Amino acid sequence: MHKEFLMGNEAIALGALAAGVNLVSGYPGTPSTEVLETIAKRNPGNVYVEWSINEKAGMEVAAGAAYTGARALVTMKQVGLNVAADPLMSLEYIGVKGGMVVLVADDPGPISSQTEQDTRTFGMFSKVPVFDPSSVAEAYEMIQEAFDFSARYKTPVFFRATTRVDHGYEDVEVKDPGEYYVNKAEGFVKDPSRWVIFPRLSVKNHALIEKRNAELKDVLSEYPRNQIVPENGCGNAPCRRGIATQGVSFMYTLDSLRGRNVRVMRVATPFPFPEKLALEFLKDLDEVLCIEELDPVIERALVFVCGKYGLQVKIRGKMTGDMPLSGENSMEIVDSAITAFTGSEGERPYTMPDELPAPPALPVRPPVLCAGCPHRASFYAVKMAMKGQKTIYCGDIGCYTLGNAAPLDMCDTCLCMGAGIGIAQGVGHIEPDTKCFAFVGDSTFFASGITETINAFYNQADMTLIVLDNSTTAMTGHQPHPGTGRTVMGQIVEKVSIEKVLRAIGLKVVETVDPLDYECSVETIRRAAAEPGVKAVIFRSPCIAISKPKGHSHVDSDKCIACGKCIRELGCPALVKAADGKKAAIDPSLCTGCTLCEQICPVKAISGGEKNDTAKGGCHA
Amino acid sequence: MRKNIILCGVGGQGTILASRLIATAAMAGNIPIKTAETIGMAQRGGSVFSHLRLGEEANSPLIAKGETDLIIAFEPGEAVRQLPFLKKGGTVVVSRRAVMPVSAMIGKSSYDPEQMIDYLREHTEHLIIVDADRAAQELGSSKTLNVVLLGAAVRSKELGLSEEDLKKAVKERVPERFLDLNMRSLAWSRDNGEE
């Protein structure tokens, strides 16, 4: 054993290694990404690791491994689970032979997601047991327990952590590689009555699953992480109030109790719900406050238990208006809820500071595309090329969603991975006079853009597909994908060509341009958009975070006429106002020398950057 | 020991490395530590923060309002944003240099950094202002603002760690070729802190 300062996701990864995981698959997504990356980094050498092209593929790869008796882990964020829902729903009916943990990172807030969906609810829906850690150090232990549990009951299990556990850091006592459990897979044993899902097998297994999950309620009531915390300040008088909580909110609760008179139950496995433990917790209580994030899972379960056993306990929480219905919990939310619930402030360790007067207008900082980001150039070129025409710009999931921000304003819709293509198609069928564009990133194209493009092509859509190829999965921290020619295991592999895929589908117009060549880009878009049917333009230029900056541009203040065009139209963080408050200036610490501003300056007052020379095809073809 | 510290700034300014340096120093001294930070989309030019909790008593990685011993702010507006977290009589170390948001540049919002400094002066008992522009000029790099601010923080005595502890952490975490620059950065505020 030794101590390390670990991110929650790193602790989960090391825990999986300690549990003898044999195969790990997944698709990047905040806040889950670092789990798989850490496994790849700390791989003792005998673990197969892959970034799958999407969560569905990852789920199926992990299931296959678990069919052989291997221990498998698949990682994703909560919306990724929607993509993987199809195989998982059926897999629960089939079960596994080894251990299989489905790691899903939920994102209360949401901080970087489209939805505030709750994987605990998904557990109930899919009948898959759920483990819900409360801290980084606990997550390390709990994922090992989840693997053992999965192997024992031959079912996939959810390991559901939330952002504050995934991205929190803590000093954690971890095993040395020599202490890791070694799991030897027996190999796949043919047995159609077990591995081939048919209606007859489904109805039989459905009953078995329901029976097993009912039994697991009792088993999990004995699981030590489902626990009743000894009463705080009840003294000899019986405690009449209780708090039921989970995840990081359990930690907020512990720090907010401050001697206030309540009994606390922490639920570590929200499904199957530890009913016996809940009965013990509810004994002699008048009221319970449920402190949880996302769905009122514990609250519903306790209302159910009270109804089932005829208990007269008032259950409070989200459904009674005592807790917020959405958003992330904070120390303040939890503390004030406990104050309202107990009618007591408790003893504060700090004297509260005086109330601050309202501050001056704080800077507004929505996330923006980085200085020198090639997506800015792509969006600007399309915007200029289509000026004056009726258009819709359907965005997608990735850094380029940030194209929605002023002044670019180039993202009219954004729904989920790959959806922009279908939405552009759908709008076009109803509004034939609208020029429909779909923007999709390279990794998103491989994840879910290909089938959508085939759909559009087959169904005679009229639209332009823009592939923003920056040769990486940028938003989640630069993971490789099929177009990069390398894998997370470090192998150099054949690249999948986006152009060839599009041509194979049947697209006649497939053009590739360097977006940092402004005029060529505008000309290419105009030409392509005028063609009938589905046509594609691939803007290819590497993400600035994975390429070396080429010096930086500077503004010749004698030439600058202070027209403000560069600042106003590009919205590049490196373009600022000079000391006179009128002319343009460039922050050299941010500028990458992409030259976009040089190319659009009407008086050529900006120079010093270096134009790429990598464009192939397009106007030079 | 019990210390609650907030690091705040704008994505890309190096708050995460600074948080890591404090953690490394705390670990070396066997002080339990928990942190929570902003990772992901907000890093693209958004407001970012790290909460650090040192000591046995902390369960939660997040700090409650009014319970922070020390705020280390990489930007004046971000210091003001986090000020409600500061305890009565707490300390703020702040870089004077503002990062103007794109929204202010294109006239969609307004931001006056000098007002922020004035507000901090008025509502903070212990305020240490670091002249980041002068530091960058004298050190020959603007990339080590995080370490300059840590140096000022350690000398405020509110960090709960010694300058020696931090030096060791920098040696452990920073690549050899940047070591000299970082050591000079750590020491820079010794003669240049402005109370």
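A residue is called buried when its relative accessible area is under 20%, exposed when that area is over 50%, and partly exposed in between (1.4 Å probe, protein chains only). The model is predicted, so local features need pLDDT of at least 70 and side-chain atom pairs count only at pLDDT 80 or more, while totals for chains, interfaces and linings use all residues. Side-chain values use heavy atoms, without hydrogens and water, residues are numbered from 1 along each chain as its sequence is written, and chains are lettered from A and ligands numbered from 1 in the order in which they are written.

Start with charge. Side chains of opposite charge can pair when their charged atoms come close. A salt bridge here is a side-chain nitrogen of Lys or Arg within 4 Å of a carboxyl oxygen of Asp or Glu. Over all chains, 51 salt bridges are counted.

Which residue pairs with A:Asp118 at 2.8 Å, N to O? The partner is A:Arg120. A:Arg120 is buried, at 0% relative accessibility. A:Asp118 is buried as well, at 4%. Both belong to one network, joined by salt bridges that share partners.

Now take a pair between two helices. Helices (H or I, at least four residues) and strands (E, at least two) are DSSP runs, numbered from the N terminus. A:Asp218 and A:Lys276 form a salt bridge at 3.7 Å, N to O. This pair links distant parts of chain A, 58 residues apart. A:Asp218 sits in helix H10 (residues 199-221), and A:Lys276 in helix H12 (residues 275-282). Are these two side chains' residues buried or partly exposed? A:Asp218 is partly exposed at 35%. A:Lys276 is partly exposed at 48%.

A further pair joins a helix to a loop. A:Arg348 bridges to A:Asp335, with the closest N and O atoms 3.4 Å apart. A:Asp335 lies in helix H14, and A:Arg348 in the loop between helix H14 (331-342) and helix H15 (374-385) of chain A. The two residues are 13 apart. A:Asp335 is buried at 10%, whereas A:Arg348 is partly exposed at 29%.

Finally, turn to helix H11 of chain A, residues 247-257. How many of its eleven residues are buried? Ten are, and the helix is mostly covered. Among them are A:Phe250, A:Met251, A:Tyr252, A:Asp255 and A:Leu257. After H11 comes A:Arg258, with a positive phi near 45 degrees.
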